[in-house]
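Notebook open, structure loaded. I want to go through some helix packing and then the strands.

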Amino acid sequence: MTRGKRVLLGVSGSIAAYKAVEIARELSRNGILVDVVMTEAATRFICPLTFEALLSRPVTTQLFDDASSGPIPHITLADTADVVVVAPASADTIARLAHGFADDLLCCTVLASNRPLVIAPAMHENMYLNPATQSNVAALRERGAVLVGPESGDLASGGSGIGRMADIHEIVGHTMKALGREGDLAGRRIVVTAGGTQEPLDPVRSITNRSSGKMGYALAEACRDRGADVVLVSASNSLRSPAGVEVMPVMTAQQMYEATQSAVSNASALIMAAAVADFRPATTSDEKIKKGQVGIDLHLERTVDILSSVHGEFIRVGFAAESSNLEQNAIQKMTDKKLDLIVANDITSRDSGFASDNNRVAIIDSKGGVDRLPLMTKRQVADCIVDRIVQLLP
Ligand code: CTP
């Protein structure tokens, strides 16, 4: 959905300017055309050639006398950008943007743009916490800018505190969300579950499964990038939370059920990508179970079937992880759980499935249509699943 869109990346004078290179690369990997504008101060930290070489596109630094960008560069740049990102945004640049200055290329372009503005501040803690900067940040936020970060951590000055530029994935994630805001899921609430639930046996042990949560996380990002308000009910604690997505961390099947039931009110779709434990220990010991001399017998009881139990009117999408009779078992699950779509994947396949970044699935609908997809990245699979959900939406 965001492929072919354009982002104007404004880089201002901060030691974090070198990280803007990674932002530009990551956006460009996502199929986005990136135009870089640098302030004079930014060029002291990193040179335009770095961006030019990596993006194969000219970088603009001057309001006047820049032959490459035409006679009125700020208007051309503002008109062609779908989203403007200022990262890093120094205290000076934030002040000038807040007050509508128009004396350099970056400020002029932002002033001339009516597109979403994403700002990632980066400066020393005292500068950031100064009431002047705080009121400038508040003014920009009030006008609709998305402020990402800053974070706490080590500062270039040697100390530590708040002021570090936000993580690159956070900035890119918020940019993708801004790019997708008019997408075909705009205004829709989508709930995605991910990861393998854990059923505790005692304070140190649990029964779980090999799901990594990657498929659910890819689905959450795919929905976000098409404008949805996404709630990710996650039983995975090894993956980075996607930016611009509301994450509800859970551990057990019961917790996932309760979180999902509360998240689905007003939802357009529920995508159950989580691998939910079907059984849990009938009792959980408060103390660590000692090994003793003989083995132990575990008594297990059924957990709630979330897909069959959550109530509400929304599109229901399930996954069927199978090791045999893939499509037949998947269709049976779709019927039993009254689903609109089921995504069948063969967990015995060596090149896809658990922990892999790739997946090979068949998407089956309740009318019997079967779409067998080739091996793809989980993000590509997610985009295909979301395409099908969009077709089913009223
Ligand atoms: N699911 C669920 N609640 C459960 C178990 C599974 O909501 N307690 C959901 C999964 O998230 C998935 C779908 O149901 O979307 C099918 O899950 P799967 O584990 O393949 O099937 P089960 O129903 O558990 O049946 P079986 O384990 O016997 O194959």
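Predicted model: local features only at pLDDT ≥ 70, side-chain atom pairs only at ≥ 80, totals over all residues.

**Helix 1 and helix 9**

I started with helix 1 (residues 19-29) and helix 9 (residues 168-179), whose axes lie 10 Å apart at an angle of about 45°. That angle makes helix 1 oblique to helix 9. I noted the crossing of helix 1 and helix 9 as right-handed.

Which residues make the contact between helix 1 and helix 9? From helix 1 I listed Lys19, Glu22, Ile23, Glu26 and Leu27, and they meet Ile168, Ile171, Val172, Thr175 and Met176 of helix 9. An α-helix has 3.6 residues a turn, so residues three or four places apart point the same way.

**Helix 4 and helix 6**

Next I looked up helix 4 (residues 73-80) against helix 6 (residues 105-112). Their packing angle is about 45°, and the axes are 8 Å apart. Helix 4 is therefore oblique to helix 6. Left-handed or right-handed, the crossing of helix 4 and helix 6? I wrote down right-handed.

For the contacts, helix 4 brings Pro73, His74, Ile75, Leu77 and Ala78. On the helix 6 side I have Leu105, Cys108, Thr109 and Ala112.

**Helix 5**

How many of the eight residues of helix 5 (residues 91-98) are buried? I got six, so helix 5 is largely enclosed by the rest of the structure. The buried ones are Ala91, Thr93, Ile94, Arg96, Leu97 and Ala98. I was curious what surrounds them: the buried residues of helix 5 pack against strand 3 (83-89), helix 6, strand 4 (117-121), helix 7 (125-129) and helix 8 (131-142). After helix 5 comes Gly100, and I noted its positive phi, near 70°.

Then I traced the open sheet of eight strands, which has mixed pairing and runs in the order 12-11-8-13-16-17-19-20. Strand 12 (246-249) and strand 20 (370-372) are at the edges with a single partner strand each, so one side of each has no neighbour in the sheet. From one strand to the next, the twist averages 15°.

What packs on this sheet? I found helix 14 (residues 378-392), which touches strand 13 (269-272), strand 16, strand 17, strand 19 and strand 20. The direction of helix 14 makes about 5° with that of strand 19.

Five of its six residues are buried, so strand 17 is largely enclosed by the rest of the structure.

One partner is strand 16 (residues 315-322), which runs parallel to strand 17 and is joined to it by six bridges. As a landmark I marked Phe319, which sits opposite Val343 of strand 17. I also followed the chain from strand 16 through helix 13 (residues 326-336) to strand 17: together they make a right-handed β-α-β unit.

Strand 19 (residues 361-365) also pairs with strand 17, in the antiparallel sense, with five bridges. Here my landmark is Leu341, whose bridge partner in strand 19 is Asp365.

**Out to strand 20**

Last stop: how does strand 19 run relative to strand 20, parallel or antiparallel? They run antiparallel, and three bridges join them. For this pair I marked Ile363, opposite Asp371 in strand 20.

Note on methods
Residues numbered from 1 in each chain as written. Heavy atoms only, no water. Buried < 20%, exposed > 50% of the residue type's maximum accessible area, 1.4 Å probe, protein only. Helix = DSSP H or I, 4+ residues; strand = E, 2+ residues; numbered from the N terminus. Pairing = 2+ DSSP bridges. Right-handed = clockwise from strand over helix to strand, strands pointing away. Axes fitted to C-alpha atoms, helices over the stretch in contact; angles between N-to-C directions. Parallel < 35°, antiparallel > 145°, perpendicular 65-115°, else oblique. Left-handed = near helix turned anticlockwise from the far one by under 90°. Contact = heavy atoms within 4.5 Å.
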